[in-house]
Amino acid sequence: KGATPKTEANMSINKPQQPTQKAPPPLSVRGHDYRTVNPAFYSGLMRAVSDLYEPTTNPQGFINIGVAENMLMLDKMLTAIKSVSSEPYITGADLGYNDFGGLPRFRTALAHYFARHIFDITEKEENTGLVVNPDNIIVYNGGGSILESLGSILCNPGEHIMIPCPQYLAFEMDL
C-alpha cells in the first residue's frame, strides 16, 4: 500500500534530458537583408566574371567594363607572381574581381585546413560527412572590410560595440 505504480508519466522524470541547443545570435535588420537580397548588379557581375573574355581560349567571353579594374598589366603581373610563387594555378581571373565571398577553391582549401588543423577532423571523419563547409567561410581583402561588414550585419542603428584597448587604430573608423 502507498507504492506508486510505474507509469510512463512518472518514469519520464528519470530519463536523461537532451541538451538544448543555444540559438545563434540574432542578425541585425541589415544582416537579414544581406541574406535575402541579390541585387541585379551582383548577379550580372558574377555572370560576367564567370565568363571573361580571353583572346585565344574564350573569344566570346565578356569584357567587363562594370568595375574599376585595370587589366592592362595582367601578363606582366602574372609573370612576376609566377616567378616567386610555387602555385602553378594562379590565373588572370584570380587577380581581379571575383566571388565576393572569396574564390571557391581558396575557401575549399581553407575548409580542409580548418578541418585538419583547427578542428582536428581526420580524413576518415571528413569522408563520413563531418566537414567544415566552404560555404560557411567568407574571405575579405582586409580587416577594415571585415569590421565594416560585421558591424552592419550584427548591429542595428543605435546599438553599440565595445572596443578593447589597446586597439587597432582605425577600428572606430572601420565600424
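Mentor: This is a predicted model. In it, the side chains of S149 and Y140 make a polar contact at 2.9 Å.

Trainee: What makes the pair S149 and Y140 a polar contact?
Mentor: The distance between the side chains of S149 and Y140 is 2.9 Å, and the cut-off for a pair of N or O atoms is within 3.5 Å. The pair therefore counts as a polar contact.

Trainee: Where is S149 found, and why is S149 called buried?
Mentor: S149 belongs to helix α7, which covers residues 143-154. Its relative accessibility is 17%, and buried means under 20%, so S149 counts as buried.

Trainee: Is D120 buried or exposed, and how do you know?
Mentor: D120 has a relative accessible area of 61%. Exposed means over 50%, and D120 is therefore exposed. This residue lies in the loop between α5 (104-118) and α6 (123-127).

Trainee: What lines the second largest pocket, and which residues are closest to its centre?
Mentor: The volume of the second largest pocket is about 620 Å³. It is lined by 20 residues, of which L52, Y53, E54, M71 and L74 are the closest to the centre. By class, the lining has 10 nonpolar, 6 polar and 4 charged residues. Helix α4 (residues 74-84) gives the most to this lining, with 3 residues.

Note on methods. Residues are numbered from 1 along each chain as its sequence is written. This is a predicted model: local features need pLDDT of at least 70, side-chain atom pairs count only at pLDDT 80 or more; totals for chains, interfaces and linings use all residues. Side-chain values use heavy atoms; hydrogens and water are left out. Helices (H or I, at least four residues) and strands (E, at least two) are DSSP runs, numbered from the N terminus. Buried means under 20% relative accessible area, exposed over 50%, partly exposed in between (1.4 Å probe, protein chains only). A polar contact is a pair of N or O atoms within 3.5 Å; within protein, one must be able to donate a hydrogen and the other to accept it, and residues adjacent in sequence count only if both atoms are side-chain atoms. On a 1 Å grid over the protein atoms alone, a cavity is a set of points where a 1.4 Å probe fits but cannot get out, and a pocket is an open set with protein on both sides within 12 Å along at least five of seven lines; lining residues have an atom within 4 Å of a point. Grid points are joined across faces, edges and corners, and a volume is the space filled by probe spheres set on the points. Ala, Val, Leu, Ile, Met, Phe, Trp, Tyr, Cys and Pro count as nonpolar, Asp, Glu, Lys and Arg as charged, and the others, Gly among them, as polar.
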